[in-house]
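Dear colleague,

I am passing a structure on to you below, and after it you will find what turned up when I went through it. Please read the notes with the structure open beside them.

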Amino acid sequence: MEQQFFKYVFQNVAGMIGVSVYILADTFFISVCSGANGITVLNLALPIYGLIFAIGSMVGVGSATRYAIRKAQGKKDIDFYFTQAVIWDCILSIPFMLLGIFAPEQVLRFMGADGVIMELGKSYVRIFMTAAPFFMVNYVFTAFTRNDNAPTTAMIGSIAGSLFNIVFDYIFMFPMGLGLTGAALATVFSPVITSLVCSVHCLGKNSGVRFRWKLPSVRQLFSCCGLGVSAFVGEISSAVTTTIFNFLILGIAGNVGVAAYGVVANLSLIAMAIFNGISQGVQPLTSKSYGHGDKDEVRTLLKLGIFVSLAVEAVIVAVVWNFTDTLVGIFNSEGNERLLCLAHDGLRLYFLGYLFAGINILLVSYFAATARVKQAFVASVLRGALAIAVCAVVMAKLWGIYGVWLSFLVSEILTFAVILMMSRSRRSY
């Protein structure tokens, strides 16, 4: 079992990093092409990305988790889970498409952009929001591929999409001279490539995924989304944090402050991707063991996940503290001293939160994988929105920008304490 555990974790971490790397590539190329203003555009857009990814992952991962549990229990009514997930993701993407087509400037204004930033970023926002169905359905393909015993294919698909994005970021932005529009186009094609790779398995003869038409069921949607809450939080937490921090930092340090936070937020995506990869790697195995009623194996998987998360947390914080200025310099092509100073402190203080965040993400996923919907929901809402919102606002008033940076750590500590209390309230697994 340990060998299978590490295989799933490694492949899912690699796949999740592949998904996040194309945003890092955007950040790097945009910083070269448009400087601090370009990074500000991207950072204001990140919460919208996060919301799109969160909804897509909740439906996709939740449906795939329900599929895996019922399959392990020997149930026969599992043929329609895949098609239902695709249909619902397409339906839920419609508001994003309409806003992208008709109101990209208003979206940027709502996120806090001034006139200069709106003019620079409107085409970028229009393109990626219009392509919301591709991003959201991509989670269905990867989640079902992973839960259908083909994590290698899911990993290859994610990495292929990321590599495509990086290559065409450069081609579209520089040789073709498309700037931010080129960055958006390259980003849009990335999930399409990933879905095409995963469809090789889903449509293949060895696939257990079946395609059966059924009218969209709201009841089934909520049933699946309950198990997809941990995936939702894994994505939405970054979006909520980024939105709150953007508004707070705009008031404290202006556009350069937001650009500095853009560096922190984009590097944070890698850390978040690693921990989401660990939790999603453990999830199929945990759901399968839970479906079989094997309590000992469920506990063993949880212990392995905690051990790996703790080790990775320590490594990430050590790397950030030892190579702070090098990491910031990658995205500071203009050599902006104020940006360097703000990002230096921000990166070190913010990443202390990952001493607890990795464990919290794993435990929320564990609740969902063992069908503990109430616990998963409470912990998810707390760490994904409530705790960070309250801590950021209160601590910003008390200690300014240093309070903003440290609020992530405090919110994760509070979440961890609540999760421990909920875990003790029910010890069946």
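In which loop does N149 lie? Before the answer, please keep in mind that this is a predicted model. N149 lies in the loop between α6 (132–147) and α7, and N149 is exposed, with a relative accessible area of 52%. Most residues other than glycine have a negative phi. A second residue of this kind is A371, which is not a glycine either and has a positive phi near 60°. A371 is found in the loop between α14 and α15, and with a relative accessibility of 30% A371 counts as partly exposed.

Helix α14 (residues 354–369) and helix α15 (residues 373–424) have axes 8 Å apart and meet at an angle of about 30°, and since angles under 35 degrees count as roughly parallel, α14 and α15 are roughly parallel to each other. The crossing in which α14 passes α15 is left-handed, and the residues of this contact, sorted by class, are 17 nonpolar, five polar and two charged.

The axes of helix α5 (residues 115–130) and helix α8 (residues 179–202) come within 8 Å of each other and cross at roughly 15°, which makes α5 roughly parallel to α8. Here α5 passes α8 in a right-handed crossing. On the side of α5 the contact is made by L120, G121, S123, Y124, I127 and F128, and on the side of α8 by L180, T181, A183, A184, L185, T187 and V188. By class, the contact of α5 with α8 has nine nonpolar and four polar residues, and no charged ones.

The aromatic rings form a further topic. The count comes to 30 aromatic pairs, one of which joins Y49 and F53, a tilted pair with 5.8 Å from centre to centre and 45° between the planes. Both Y49 and F53 lie in helix α1 (residues 2–72), where they are four residues apart, about one turn of the helix, and both Y49 and F53 are buried. In the pair of F168 and F172 the ring centres are 5.4 Å apart and the planes stand at 55°, so this pair is tilted. F168 and F172 both belong to helix α7 (residues 151–173) and are four residues apart, about one turn of the helix.

If its neighbours within four places in sequence are left aside, R338 is in contact with A253 and V256. R338 and I306, by comparison, are 32 residues apart in sequence and 38 Å apart in space, taken from C-alpha to C-alpha.

With kind regards

How values were computed. Residues numbered from 1 in each chain as written. Predicted model: local features only at pLDDT ≥ 70, side-chain atom pairs only at ≥ 80, totals over all residues. Heavy atoms only, no water. Axes fitted to C-alpha atoms, helices over the stretch in contact; angles between N-to-C directions. Helix = DSSP H or I, 4+ residues; strand = E, 2+ residues; numbered from the N terminus. Parallel < 35°, antiparallel > 145°, perpendicular 65-115°, else oblique. Left-handed = near helix turned anticlockwise from the far one by under 90°. Nonpolar A, V, L, I, M, F, W, Y, C, P; charged D, E, K, R; others polar. Phe/Tyr/Trp six-rings, centres within 6.5 Å; stacked < 30°, edge-to-face > 60°. Buried < 20%, exposed > 50% of the residue type's maximum accessible area, 1.4 Å probe, protein only. Contact = heavy atoms within 4.5 Å.
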